[in-house]
Amino acid sequence: MKLVLNKTWLNASILAFMLAVSLQGYACGLEPALNGGFSVSYQGSLDVAVAVADARRSGVLPKTEPKIVSNAEQLQNLLSDLERLQLRLDASNEGAASHFSLVLVGPGLWSHFHMSTDGVETHYHVDGPLDGHAVVLTHPAVLDALLSGQLTTGHAAELGLIAYTGSDAAQARKAIETGLES
């Protein structure tokens with residue numbers, strides 16, 4: 001009888017946790033209610049986060065320096081880097097139609113990139129991934145290192161600092177590699 005009660009309690013606990021997680025949706029960790037907390041917003045996010053920690057320990061990425069920055073300022077810095085990425089993608093765009101989502105692991109900040117012959121249309125701070133399209137997972141420190149040329153996309157992928165998922169992940173990877181390596 002005791003085993004049945006424990007199993008029932010465990011199942012109820014798991015169900016309550018799943019419900020709580022599903023109600024959070026894809027909320028960004030920079031939202032005031034979450035106060036800058038870490039967000040595991042997509043499958044593979046934790047793997048990228050662990051790779052970032054390893055890269056910081058080994059010196060591939062700079063160690064974090066404690067500083068007090070408001071969530072609003074953090075968001076502005078992230079949006080600035082995403083805009084720089086969009087400009088790089090736009091400059092290297094070969095006109096191939098490609099759509100993908102990018103999530104910055106840690107804050108859980110989502111963006112959508114729509115590449116076409118007219119350029120790259122980007123939507124920042126959206127609720128989650130585009131249905132049926134690739135997802136690019138990386139971390140703000142990795143994006144900064146990629147944009148500044150301190151890290152290549154190949155090395156980042158090899159270390160697990162950037163990951164691509166979805167049926168059209170190869171197109172998203174090519175767009176990111178072309179934009180960041182140019």
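Trp110 counts as buried because its relative accessibility is 0%; buried here means under 20% relative accessible area, exposed means over 50%, and partly exposed is in between (1.4 Å probe, protein chains only). This is a predicted model, so local features need pLDDT of at least 70 and side-chain atom pairs count only at pLDDT 80 or more, while totals for chains, interfaces and linings use all residues. Residues are numbered from 1 along each chain as its sequence is written, and side-chain values use heavy atoms, with hydrogens and water left out. Helices (H or I, at least four residues) and strands (E, at least two) are DSSP runs, numbered from the N terminus.

**Aromatic pairs**

- Rings of Phe, Tyr and Trp (its six-membered ring) pair if their centres lie within 6.5 Å; planes under 30 degrees apart count as stacked, over 60 as edge-to-face and the rest as tilted.
- That rule gives two aromatic pairs.
- Tyr42 and Trp110 make an edge-to-face pair, because their ring centres are 5.5 Å apart and their planes sit at 80°.
- Tyr42 is in the loop between helix H1 (2-24) and helix H2 (45-58) and Trp110 is in strand E2, so this pair ties together parts that are 68 residues apart in sequence.
- Phe100 and Phe113 are a stacked pair, because their ring centres are 5.1 Å apart and their planes are at 15°.
- Phe100 belongs to strand E1 and Phe113 to strand E2, 13 residues apart, and the pair links distant parts of the chain.
- Phe100 and Phe113 are both buried.

**The sheet**

- Five strands make up an open sheet, ordered E3-E2-E1-E4-E5, with mixed pairing; two strands pair if DSSP finds at least two bridges between them.
- Strand E3 (119-126) and strand E5 (163-165) are at the edges with a single partner strand each, so one side of each has no neighbour in the sheet.
- From one strand to the next, the twist averages 20°.
- In a regular strand, side chains alternate between the two faces of the sheet.

**Strand E2 and its neighbours**

- Six of the eight residues of E2 are buried, so the rest of the structure largely encloses E2.
- E2 (residues 109-116) and E3 run antiparallel and are joined by seven bridges.
- On the E3 side, Glu121 is the bridge partner of His114, and Val126 is the bridge partner of Trp110.
- E2 and E3 form a hairpin, with two residues between them.
- Strand E1 (residues 98-104) and E2 also run antiparallel, and seven bridges join them.
- Trp110 in E2 is the bridge partner of Val103.
- The hairpin of E1 and E2 has four residues between the strands, and Gly106 in that turn has a positive phi of about 110°.

**Ser98**

- Ser98 lies in strand E1 and counts as buried because its relative accessibility is 6%.
- Leaving out residues up to four places away in sequence, Ser98 touches Phe113, His114, Met115, Gln171 and Ala172; contact means heavy atoms within 4.5 Å.

**Helix H4**

- Seven of the nine residues of H4 (residues 140-148) are buried, so the rest of the structure largely encloses H4.
- Those buried residues are Pro140, Ala141, Val142, Leu143, Ala145, Leu146 and Leu147.
- They pack against H2, H3, E1, strand E4 (134-138), helix H5 (153-158) and H6.

**Where H3 meets H6**

- The axes of helix H3 (residues 71-92) and helix H6 (residues 169-181) come within 8 Å and cross at roughly 95°.
- That makes H3 roughly perpendicular to H6.
- Axes are lines fitted to C-alpha atoms, for helices over the stretch in contact, and angles run from 0 to 180 degrees between N-to-C directions; under 35 degrees counts as roughly parallel, over 145 as roughly antiparallel, 65 to 115 as roughly perpendicular and the rest as oblique.
- From H3, Leu85, Arg88, Leu89 and Ser92 meet Ala175, Ile176, Thr178, Gly179 and Leu180 in H6.
- The residues of this contact of H3 with H6 split into five nonpolar, three polar and one charged, where Ala, Val, Leu, Ile, Met, Phe, Trp, Tyr, Cys and Pro count as nonpolar, Asp, Glu, Lys and Arg as charged, and the others, Gly among them, as polar.
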